[in-house]
Amino acid sequence: MEKKTLIIGVIGADVHAVGNQILYFAFREAGFNVINLGVMVSQEEYIEAAIEAKADAILVSSLYGHGELDCQGLRDKCNEAGLKDILLYVGGNIVVGKQPFEEVKKRFTDMGFDRVFGPGTSPETTIEALQEDLYGAH
Amino acid sequence: MRFVLLIDFGSTYTKLTAVDVEKAEVLATADDYTTADTDIMIGFEKAYSKLQSAAGNIAYQKRLACSSAAGGLRMVACGLVPALTAKAAKLAAFGAGAKVIQTFAYELTNDDVAQIDAIAPDILLLTGGTDGGNREVIEHNAHMLARSKRAFPIVYAGNRGSKDVCIEQLDGELHPVYATENVMPVLNKLNILPAQSIIRQIFLEKIISGKGLSREKALIEGIIMPTPSAVLSALTLLSEGTNGRRGIGELMAVDLGGATTDIYSIAKGAPSNPATILHGLQEPYAKRTVEGDIGMRYSAHGIVEAAGMDETCRCSGLDSSAVNAMLDRINRDKSMLPQTEEEKAFDFALAALAVRIGLCRHAGTIQQIYTPMGPVFQQTGKDLTEIDRIIITGGALIHSAQYTDIIREAVSVSDEQALIPRKARVARDARYILSAMGLLASYDQNTAFDILYKSFGKDEVYATE
């Protein structure tokens, strides 16, 4: 099976590096080709990396509560940049405070994210989702 | 006794350097106008007779030459994303000593191809996509370039998966393809040396003979590299040393010319502040950039445009109407030498601002970002603030009595985002030997190093303190 390419990174002015490293390791172990942009990644950096590397998915992490602002317009920019069908995931502490996850999920889905993961999601959950979305496995 | 003759066919001057290899000494230097329009040997012979009368009638065991005559090595670079492979392609071409006439990103259009035909580059560097990455754009671009009616060699240094498809589209009489490793095999990782070595090889095999510089084949065949590539090799040698000799460490160089300004840095450029996050494309250790819009005469207006009228007035002490009058004078007479106090003040400002703009564009930038976790620094490009040696070359700097003041003014930037040197010791290439030593290094590294060390290792002046 052809290796799928993922772009990962922590969006915005967020410097949480530990979870990012864990995901990098976990996704590589799971057999993906992973390009890790590290922390404080701008929307443009995800998109440019995805173009050059012909990535299959962009996985945005956010831990500091400002994810909702940082992620706005990412899907539109992907469409504009020719990444029409690219898979977009977001996960972490993506909003401020304790809000019902179903509402948060809806807001991010409306923004164009294919999957939204809440706080405390294990890497295995995301890997299963990736396998389902990218390889059609169940 | 072993004597070597080093020749630099520059765009304006042909410069000769005679070296005694055993003593590691420059015996004499001489120059005359480059005569690329007629036969380059005419200017060479004139300079040579000056050299022989200064050094005595010497028989040379070896002749080595570099050239930036007849336009130098003119290249066009094509990549995919402007900040990624297109930038990598440009850095690769600059490092190979080329003049990058234009850089194209994304898909080439019919107009772009017409423009490339109008430029008629010596070499086109085709890149795009990481290995295993995007294929569509580079394959489209190869398809488009096949329509070009001009003959020029193409260096293929893009996604390795598209190599065969692109060669099939292009390779032939008009566009022979030289394929090599990807300039950016993995995202944000530069790999420009293989492309540079192919560019060098094409320069040797095709371009020099193709320029019709002379009927005399023997001397022309001694041209082994473009001049900027010789300068870069001399600077790298001085910085790093040889097996038996310790280099002087990280350094920068500025070559201020009439039409362009070249900036070199031999430095890692790692963050000087540990609380810094690096972003973007990794940059080469030995980096050269060229500012085509910045130069003392042909590009004097470019300096004022880039620096702004207010800053030009402040730096020169002239008012804006005097600045405009000066620009008009220079525009009428490109060989103008400053005579009056006003002209000298204006040339001082032009030189200082040109160096500053060149340094700022070459160096990286740093931004302080306030995050919920406190302030964080984000760096793009090289941090050159800690570099304290700047070697200066190029007529406007070498012949100015005020060269330390020029550099002091150039690096006195209030903008803390620009990661240019803050404290600079200045060494001057007073005898124009940088390119000559780069050439000599290909023949005898230790001697070249010793001569460089004698010229630049000491006798420096602190420009700022």
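Domain bounds, as used in this tour, come from an automatic or database domain assignment. With those bounds, chain B is divided into domain 1 (3–70 + 211–221), domain 2 (74–207) and domain 3 (245–430). Select domain 1 and domain 2 of chain B: their centres, taken over C-alpha atoms, are separated by 33 Å.

**Confidence**

The model on screen is predicted. Its scores are ipTM 0.82 and pTM 0.89. Colour chain A by pLDDT: the mean is 93, and 98% of the residues of chain A reach 70 or more. Within chain A, confidence is lowest in α4(A), at a mean of 91, and highest in strand β3 (residues 57–62), at 98. For chain B the mean pLDDT is 92, with 97% of its residues at 70 or more.

**Where the chains touch**

Show both chains. In the contact between them, 18 residues of chain B meet 14 residues of chain A. On the chain B side, the elements that give two or more residues are β15 (365–371) and β16 (374–380). The residues on that side divide into 10 nonpolar, 8 polar and no charged.

**The strands at the contact**

Stay with β15(B) and β16(B). They form a hairpin with 2 residues between them, and they pair in the antiparallel sense over 7 bridges. Select B:Gln368: its bridge partner in β16(B) is B:Phe377. Next, bring in strand β13 of chain B (residues 276–279), which runs parallel to β16(B) and is joined to β16(B) by 4 bridges. Here B:Thr276 stands opposite B:Phe377.

**The nonpolar core**

Which residues have the most contacts inside the largest nonpolar core? They are A:Ile7, B:Leu125 and B:Ala351, in a core of 185 residues. Helix α12 (residues 341–362) of chain B gives the largest share of this core, 12 residues. In soluble globular proteins, nonpolar side chains tend to be buried together.

Select A:Ile7 and display what surrounds it. Not counting residues up to four places away in sequence, A:Ile7 touches A:Ile35, A:Leu37, A:Tyr46, A:Ala49, A:Ala50, A:Ala53, A:Ala55 and A:Ile58.

**A stop on helix α12 of chain B**

Move to B:Ala352, which is found in helix α12 of chain B. Is B:Ala352 buried or exposed? B:Ala352 is buried, because 25 other C-beta atoms lie within 10 Å and the cut-off for a buried residue is 20 or more. Leaving aside neighbours within four places in sequence, B:Ala352 is in contact with B:Cys315, B:Ile406, B:Glu409 and B:Ala410. Also select B:Arg408: B:Ala352 and B:Arg408 are 56 residues apart in sequence, while their C-alpha atoms are 8.2 Å apart in space.

Most residues other than glycine have a negative phi. The next two stops have a positive value.

- Select B:Ala70, in the loop between β4 (62–67) and β5 (74–78) of chain B. Phi of B:Ala70 is near 50°. B:Ala70 is buried, with 20 other C-beta atoms within 10 Å.
- Select B:Ala120, in the loop between α3 (110–119) and β7 (123–126) of chain B. Phi of B:Ala120 is also near 50°. B:Ala120 is partly exposed, with 14 other C-beta atoms within 10 Å.

Go to A:Asp76, which is found in helix α4 (residues 74–80) of chain A. A:Asp76 is exposed, because it has 12 other C-beta atoms within 10 Å and the cut-off for an exposed residue is 12 or fewer.

The last stop is A:Val95, in the loop between β4 (87–92) and α5 (101–110) of chain A. A:Val95 is buried, with 20 other C-beta atoms within 10 Å. Apart from neighbours within four places in sequence, which residues is A:Val95 in contact with? They are A:Gly65, A:Gly67, A:Glu68 and A:Val104. Finally, select A:Ala57: A:Val95 and A:Ala57 are 38 residues apart along the chain, and 22 Å separate their C-alpha atoms.

Definitions and conventions:
Residues are numbered from 1 along each chain as its sequence is written. Chains are lettered from A and ligands numbered from 1 in the order in which they are written. This is a predicted model: local features need pLDDT of at least 70, side-chain atom pairs count only at pLDDT 80 or more; totals for chains, interfaces and linings use all residues. Two residues are in contact if their C-beta atoms, placed from the backbone, lie within 7 Å. Ala, Val, Leu, Ile, Met, Phe, Trp, Tyr, Cys and Pro count as nonpolar, Asp, Glu, Lys and Arg as charged, and the others, Gly among them, as polar. A nonpolar core is a set of buried Ala, Val, Leu, Ile, Met, Phe, Trp, Tyr and Cys residues joined through C-beta atoms within 7 Å. pLDDT is the predictor's confidence in each residue, from 0 to 100. Two strands pair if DSSP finds at least two bridges between them.
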